[in-house]
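Welcome, and thanks for taking a look at this protein with me.

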Amino acid sequence: FQMIPVIIGEAYKNVEIQSKLIFVFLNLGIVCFLIYFLVHIELFSSIAMLFLGFAILYFSVYSIFTILRAKDKNSTVKTFLSALFFLAIGVVFGILAFLQHILFLGTAKFGNIHFSVMFFGWIFMLFSGVAYKVLPMFYVAKEYPVFIKKYFYIFITFTLIIFIISILYSFHAALIVSKLLLAFMALVFSIATIKILKNRKRARSDITVNLFYFANANLAVGCVLWIGSIVLHMNMDFLFGIFFGLGFTYSLLNGMLYKIIPFLTWFHLSSKFVFEAEMAYVI
């Protein structure tokens, strides 16, 4: 709700009502999910599925229609649209995996699609869209290569579609190829991001830069391990959780929040003519 108007230049409509609605259903869903894991009463998992599914699907559709109003359909806008599309797809497969679970049909097929789509289609795609704007804006770094900005989201989109079809219809060879392509593309993007940060014009010491370095290094290592696990037929799921989850996603969130929240706070105060709050003081 804060970043899209700043990065895309298109504000949400009725944001007060919409954000509160999503906030309530999202938190109720999370609390019910936690209760289910603690007491193992299936009713709470069903309520959690309904509330979480509604909150996230509603948010993704609401955001897609907001971004579609943007007049400049640049690479960031298209990448954000793709990310939100996969957020909705990922939630649908998460619900299907849950239904499999309560019907005792197993969760592996839909669960694997859910996890991969949420990571590569939502988290990773969102990161790339934000990075196109944040790195040049906040770190005075060079732009990403035109080829990456223009075509990267297309490659990820088509590869994920092949990945989903391959799992659903058990196309083993296509599944292997789609996994290798996803790992390779994420590896290339992480190396490009590290290189852009290293060659930035304002090369001051900054904890957020270190977090970006750390996050992308973890992403690169995770991709190399994933390629190795595919080629050598090894199970490294625990390591993927460490490198993709904690190493990349959690570090990236910290790096973005430490930079973006002070900026938005300062922006808010400045718009209200509170000029005493200098950026350094806000941080």
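## A guided tour

Please keep in mind along the way that the model is a predicted one. The phi angle of histidine 40 is near 60°, a positive value in a residue other than glycine. Most residues other than glycine have a negative phi. Histidine 40 has a relative accessible area of 59%, so this residue counts as exposed.

Asparagine 14 is another residue with a positive phi, in this case near 50°, and it is not a glycine. Asparagine 14 belongs to the loop between α1 and α2. With a relative accessible area of 54%, asparagine 14 is exposed.

**The overall fold**

Now let us step back and look at the whole chain. How many helices and strands does the protein have? There are ten helices and zero strands. Read from the N terminus, the order of elements is therefore α-α-α-α-α-α-α-α-α-α.

The C-alpha trace spans about 60 × 45 × 35 Å along its principal axes. A compact globule with 283 residues would have a radius of gyration near 19 Å, and the protein, at 20 Å, agrees with that. Of the 283 residues, 44% count as buried. Among contacts with a separation of 6 or more, 69% come from residues 24 or more positions apart.

**Salt bridges**

| Glutamate 10 | Arginine 69 | 3.4 Å |

The side chains of glutamate 10 and arginine 69 meet in a salt bridge. Arginine 69 has 30% relative accessibility, so it counts as partly exposed.

The pair of glutamate 16 and lysine 20 has another setting: both residues lie in helix α2, four residues apart, which is about one turn of the helix. Are these two residues buried or exposed? Glutamate 16 counts as exposed because its relative accessibility is 54%, and lysine 20 counts as exposed because its value is 53%. The cut-off for exposed is over 50%.

**Two residues of helix α9**

Next, let us visit helix α9, which covers residues 237-271 and includes lysine 259. Which residues does lysine 259 touch, once its neighbours within four places in sequence are left aside? Lysine 259 is in contact with Phe138, Tyr139, Asp206 and Thr208. Leucine 168, by contrast, is 91 residues from lysine 259 in sequence and 40 Å from it in space, C-alpha to C-alpha.

Phenylalanine 248 is also found in helix α9. At 0% relative accessibility, phenylalanine 248 counts as buried, because buried means under 20%. Leaving aside neighbours within four places in sequence, the contacts of phenylalanine 248 include Phe119, Ile123, Phe124 and Phe127. Ala215, Asn216, Asn218, Leu219 and Phe243 are also in contact with phenylalanine 248. Valine 221 is 27 residues from phenylalanine 248 in sequence, and the two lie 9.9 Å apart in space, C-alpha to C-alpha.

**Back to helix α2**

Our last stop is isoleucine 30, a residue of helix α2. Isoleucine 30 counts as partly exposed, with 39% relative accessibility. Isoleucine 30 and phenylalanine 138 are 108 residues apart in sequence, and their C-alpha atoms are 33 Å apart in space.

Definitions and conventions
Residues numbered from 1 in each chain as written. Predicted model: local features only at pLDDT ≥ 70, side-chain atom pairs only at ≥ 80, totals over all residues. Heavy atoms only, no water. Salt bridge = Lys/Arg side-chain N within 4 Å of Asp/Glu carboxyl O. Buried < 20%, exposed > 50% of the residue type's maximum accessible area, 1.4 Å probe, protein only. Rg over C-alpha atoms; globule rule 2.2 N^0.38 Å. Contact = heavy atoms within 4.5 Å.
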